[in-house]
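Here are some notes to read alongside the model, written for someone opening it for the first time. Keep the viewer open and follow the points in order.

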Amino acid sequence: MSHNDLSDLLRDAAEPVPARVHTASAQDLADRIVASTPPSTAAVRVPARRRTRFALAAGVVAMAAVGATIAVPHLGAEPAFASWTPAPAPLPAADATAIVDECVPAAGYSLDEARAGRVVGETRGDYAYLSVITDGWTVTCFRAADGEILSPSLFEAPVTAAELGRTGVEMQAWPQSRTEEGYARLMTGRVGSDVTAVTVTITGSAEPRTVQASLQDGYFLVWYPEGLDESSTNTTTLTLTLTDGTTVPSISARDLHDAPRLG
């Protein structure tokens with residue numbers, strides 16, 4: 001549980017059960033936690049995490065103030081995530097290597113295993129995002145515009161290509177991460193052999209928007225700026241485009257987070 005999650009729970013608990021919370025020891029604990037500075041790790045929110053295969057990574061930096069509600073903040077004269085694009089561009093190999101070398105050890109996984117696996121990545125403006133994939137685990141790595149590298153999500157025991165079949169899809173990461181510019185939703189996964197494109201549609205408190213995912217060797221990844229409150233109102237869906245030109249629409253990201261859709 002992160003500092004923010006614990007802080008939120010204490011705030012919520014204090015109102016409906018004042019007699020219990022406002023004992024001297026409990027109130028003192030609540031006051032100290034709410035007033036304290038967040039630690040420099042584990043600043044990740046993951047909605048409705050019920051699958052044990054997902055885990056939170058250390059090494060994610062908390063830059064925003066506790067409890068701040070930031071949709072898309074402005075830093076000076078430039079809006080946050082100003083260079084972000086809804087369509088991805090390739091990630092240069094040298095950049096991928098540098099990110100993996102820093103991110104994977106920080107996440108607690110073997111760099112040798114990572115180098116024996118595969119890396120899929122993309123850029124959107126000044127930002128880089130990649131997924132390191134092995135037979136037993138995946139790690140996502142995000143490089144912010146200021147060069148800071150975050151490792152917001154770990155995932156173990158992915159399903160096999162045979163289980164995904166032609167039209168299946170597995171979500172391997174879906175965290176909301178906090179950066180110096182605000183919040184971002186990151187997503188990675190694997191699709192069946194007949195899938196040629198993945199499109200993400202986001203509906204919630206903000207205006208509906210569509211984002212094109214990168215797709216390489218059956219693995220997809222995508223990220224986009226997101227308001228903090230969208231983590232509870234999010235109704236994100238995926239649309240798969242198949243080799244015959246047909247589509248599989250309205251696949252709930254939240255449902256995929258709970259269990260893969262096998263083809």
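**Notes on the fold, the cores and the aromatic rings**

1. Let's begin with the inventory. The chain has 8 helices and 17 strands. Bear in mind that this is a predicted model. Of its 263 residues, 46% are buried. The accessible surface comes to about 11800 Å², and carbon and sulfur atoms hold 54% of that area.

2. A word on how the chain folds back on itself. Take the contacts with a separation of 6 or more: 62% of them are between residues 24 or more positions apart.

3. Now for the inside. The largest nonpolar core counts 36 residues, and Met 187, Trp 223 and Leu 238 have the most contacts inside it. Quite a few elements supply at least two residues each, including strand E6 (127–133), strand E11 (182–191), strand E12 (195–202) and helix H8 (253–258). Strand E15 gives the largest share, with 6 residues. Apart from this core there is another one, of 18 residues, and Val 100, Val 104, Ala 128 and Cys 141 are among them. As general background, nonpolar side chains in soluble globular proteins tend to be buried together.

4. Next, have a look at one of the sheets. Four strands make an open, antiparallel sheet, in the order E13-E12-E16-E17. Strand E13 (209–212) and E17 are at the edges and have a single partner strand each, so one side of each has no neighbour in the sheet. From one strand to the next, the twist averages 25°. Within the sheet, E12 and E16 are joined in the antiparallel sense over 6 bridges. To find the pairing on screen, go to Val 195, whose bridge partner in E16 is Leu 242.

5. Which residues does Trp 223 touch, leaving aside those up to four places away in sequence? Its contacts include the aromatic residues Phe 81, Trp 84, Tyr 127, Tyr 129 and Phe 142. Also on the list are Glu 122, Arg 124, Ala 184, Arg 185, Leu 186 and Val 211.

6. The structure holds 8 aromatic pairs. In one of them, Tyr 127 and Phe 142 are stacked, with 6.2 Å from centre to centre and 15° between the planes. Tyr 127 belongs to strand E6 and Phe 142 to strand E7, so this pair ties together parts 15 residues apart in sequence. Both residues, Tyr 127 and Phe 142, are buried.

7. Tyr 127 has a second pairing to look at. Its ring centre is 5.2 Å from that of Trp 223 and the planes are at 70°, so this pair is edge-to-face. Here the link is between distant parts of the chain, as Tyr 127 is in strand E6 and Trp 223 in strand E15, 96 residues apart. Tyr 127 and Trp 223 are both buried.

8. One last stop: is Thr 140 buried or exposed? This residue sits in strand E7 (residues 137–143). Its relative accessible area is 1%, and anything under 20% counts as buried, so Thr 140 is buried. Leaving out residues up to four places away in sequence, Thr 140 touches Cys 103, Tyr 129, Leu 130, Ser 131, Leu 150, Ser 151, Pro 152, Ser 153, Ala 173 and Thr 188.

Note on methods. Residues numbered from 1 in each chain as written. Predicted model: local features only at pLDDT ≥ 70, side-chain atom pairs only at ≥ 80, totals over all residues. Heavy atoms only, no water. Buried < 20%, exposed > 50% of the residue type's maximum accessible area, 1.4 Å probe, protein only. Contact = heavy atoms within 4.5 Å. Areas by Shrake-Rupley, 256 points an atom, 1.4 Å probe, with all protein chains shown as cover. Core = buried A, V, L, I, M, F, W, Y, C linked by side-chain atoms within 4.5 Å. Pairing = 2+ DSSP bridges. Axes fitted to C-alpha atoms, helices over the stretch in contact; angles between N-to-C directions. Phe/Tyr/Trp six-rings, centres within 6.5 Å; stacked < 30°, edge-to-face > 60°.
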